[in-house]
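Hello,

Here is the structure for you to open. My notes on it follow below.

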Amino acid sequence: NLAKMLPEIENALDVWNIVWWIVYDAQAQLNFALDRITSGFVYVLDDDNTLHPALKNLPLTAGGYIFQQQLEGGAVRDIDIRPSKIDQAQFLLSMDIIGDLRYDLCYDADGKFISQIYNQHADMLQVVHEPLCYYNHLLQGSEMGQGNMHFDSQQ
């Protein structure tokens with residue numbers, strides 16, 4: 001699936017400096033990566049998500065962004081910041097607001113993670129009412145893990 005994502009990633013390179021952390025799709029591995037990232041923004045791509053071309057237009061001036069998701073067939077997943085209602089690919093967060101928070105080692109850890117961030121830092125998050133990621137936009141049956149992108153805005 002990385003080959004399928006490559007055009008979207010290359011599209012973002014003219015705006016963002018991307019540092020990849022490739023980890024298996026599990027909370028302990030996500031926490032391992034978060035323990036090593038010290039600055040910039042973190043965006044987690046599950047194996048069934050891809051970047052939307054407009055994602056690179058975010059100014060990276062807020063503490064984080066929460067946005068809609070384009071689903072298969074053209075439907076849109078709205079913003080609903082509750083466990084089991086939001087997908088991992090619907091948020092891009094600064095390490096400044098992530099801080100020491102880490103994923104719980106449980107089902108729906110991503111929904112719990114963003115709920116905690118939102119409850120603590122809602123005033124630092126910008127809600128974008130447009131889809132900035134795709135769900136199920138990749139080849140079916142993938143067994144790949146997650147690609148975790150760490151963004152620094154270019155000076």
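The buried residues of α4 (buried is under 20% relative accessible area, with a 1.4 Å probe and protein chains only) pack against α2 (27-34), β4 (64-70), β6 (91-94), α3 (95-98) and β7 (125-135). They are Ala109, Asp110, Gly111, Phe113, Ile114, Ser115, Ile117 and His121. Helices (H or I, at least four residues) and strands (E, at least two) are DSSP runs, numbered from the N terminus.

This is a predicted model: local features need pLDDT of at least 70, side-chain atom pairs count only at pLDDT 80 or more, and totals for chains, interfaces and linings use all residues. Residues are numbered from 1 along each chain as its sequence is written, and side-chain values use heavy atoms, without hydrogens or water.

The largest nonpolar core has 23 residues. Such a core is a set of buried Ala, Val, Leu, Ile, Met, Phe, Trp, Tyr and Cys residues joined through side-chain atoms within 4.5 Å. Leu93, Phe113 and Ile117 touch the most other members. Two or more residues each come from α2, β2 (41-45), β6, α3 and α4. The largest share, four residues, is from α4. Another core lies apart from it, with 19 residues, among them Leu45, Leu51, Leu55 and Val128.

Leu51 also stands opposite Cys133 in β7. Strand β3 (residues 49-51) pairs with β7 in the antiparallel sense, over three bridges. Pairing takes at least two DSSP bridges between two strands. β4 and β7 run parallel, joined by six bridges. Gly64 has Leu125 in β7 as its bridge partner.

Best wishes

Notes:
Buried means under 20% relative accessible area, exposed over 50%, partly exposed in between (1.4 Å probe, protein chains only). Contact means heavy atoms within 4.5 Å.
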